[in-house]
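Here is a friendly walk through one protein model, meant to be read with the viewer open. Have a look at the sequence and the fold before reading on.

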Amino acid sequence: MKDRLMAIVIQVPMMGLLVGCAVSPALKTDDIPAPLRVSAKAVLTQRTHAAGVQIYRCRADKDDAARFEWLLKEPEADLFDHAGNKIGKHYAGPTWEAKDGSKVTGEVVARANSPDPNAVAWLLLSAKSTSGNGVFRDVHFIQRLHTVGGIAPSDGCNQASAGSEVRVPYSAEYWFYVEKP
């Protein structure tokens, strides 16, 4: 656990560098796995770069109370546009909220392992609900792509640490789509 905490201490300053780089303006769609692709009727309306943490809580395994594991509690990240301007935040739900007050809450419909074994999975989510009149109002699909970091620790979760939390730095691109009429 000590080594994991040291890695987190080193990674946090690196997150600042990632935010400065933000999202490249060039679309990289050829690396998106087939299960995560959206339909031809979907139109990309917003691309953001997220930088923050995945928060995990140590809990007893639901099938074996003697075994403990890190379970995702929630993400906590800031969203940035391609110029590096903060435009919103991402949190439990999973929910994305823009500075204009619009929100979208999603549910996972497909996942694919990240090409980086030390990064959280790439996802395709469908919108469960939207609110507000801003950029997220009509979103139908969200993709989480090009992830860095964020995976649960592999150790340090046991009966003595049950209930404790760990914040693991991560970054990702979130792409938002609406459906063509």
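The report below starts with the overall fold, follows the strands in order, and then turns to the pocket and a few residues worth a look.

## Overall fold

Please keep in mind that this is a predicted model. The protein contains 1 helix and 8 strands, and along the sequence they come in the order α-β-β-β-β-β-β-β-β. The 8 strands form a closed barrel, running β1-β2-β3-β4-β5-β6-β7-β8 with antiparallel pairing. From one strand to the next, the twist averages 30°.

As background, strands of a sheet pair through backbone hydrogen bonds, in either a parallel or an antiparallel way.

How much of the protein is buried? Of its 181 residues, 41% count as buried. Among the contacts with a separation of 6 or more, 64% are between residues 24 or more positions apart.

Strand β2 (residues 68–80) and strand β3 (residues 86–91) run antiparallel and are joined by 4 bridges.

Strand β4 covers residues 95–98. In a regular strand, side chains alternate between the two faces of the sheet. In β4, Thr95 and Glu97 point one way while Trp96 and Ala98 point the other way, and all are buried. On to the next pair: β4 and β5 are antiparallel over 3 bridges, with Thr95 opposite Thr105 in β5.

## Two hairpins and a cis bond

The hairpin of β3 and β4 has 3 residues between the strands, and Gly93 there takes a positive phi near 145°. A cis peptide bond, with omega of about -10°, joins Gly93 to Pro94. Pro94 itself lies in the loop between β3 and β4.

The hairpin of β4 and β5 has 4 residues between the strands, and in this one Gly101 has a positive phi near 95°.

How many bridges join β5 to β6? There are 9, and the two strands run antiparallel. Within this pairing, the bridge partner of Gly106 is Ala127 in β6. Strand β6 then pairs with strand β7 (residues 141–149) in the antiparallel sense over 4 bridges. Ser126 stands opposite Phe141 in β7.

## The largest pocket

The largest pocket has a volume of about 350 Å³. It is lined by 15 residues, and those closest to its centre are Gln54, Leu72, Val108, Leu123 and Arg144. Which elements give two or more residues to this lining? They are β1 (42–60), β2, β5 (103–112) and β6 (122–131).

By class, the lining of the largest pocket consists of 10 nonpolar, 3 polar and 2 charged residues.

## Val120, a buried loop residue

Val120 sits in the loop between β5 and β6. Is Val120 buried or exposed? With a relative accessible area of 8%, Val120 is buried, because buried means under 20%.

What does Val120 touch, leaving aside its neighbours within four places in sequence? Its contacts are Gln54, Tyr56, Ser114, Arg144, Thr147, Gly149, Gly150, Ile151 and Tyr170. One of these, Tyr170, is 50 residues away along the chain, yet the C-alpha atoms of Val120 and Tyr170 are separated by 8.1 Å. Two others, Gln54 and Arg144, are also among the residues closest to the centre of the largest pocket.

## His146, a positive phi in a strand

Most residues other than glycine have a negative phi, and most peptide bonds are trans. His146 has a phi near 50°, a positive value in a residue other than glycine. Where is His146 found? His146 belongs to strand β7. At 15% relative accessibility, His146 counts as buried, because the cut-off for buried is under 20%.

Definitions and conventions:
Residues numbered from 1 in each chain as written. Predicted model: local features only at pLDDT ≥ 70, side-chain atom pairs only at ≥ 80, totals over all residues. Heavy atoms only, no water. Pairing = 2+ DSSP bridges. Axes fitted to C-alpha atoms, helices over the stretch in contact; angles between N-to-C directions. 1 Å grid on protein atoms, 1.4 Å probe; cavity = no way out; pocket = protein on both sides within 12 Å on 5 of 7 lines; lining within 4 Å. Points joined across faces, edges and corners; volume = space filled by probe spheres on them. Nonpolar A, V, L, I, M, F, W, Y, C, P; charged D, E, K, R; others polar. Buried < 20%, exposed > 50% of the residue type's maximum accessible area, 1.4 Å probe, protein only. Contact = heavy atoms within 4.5 Å.
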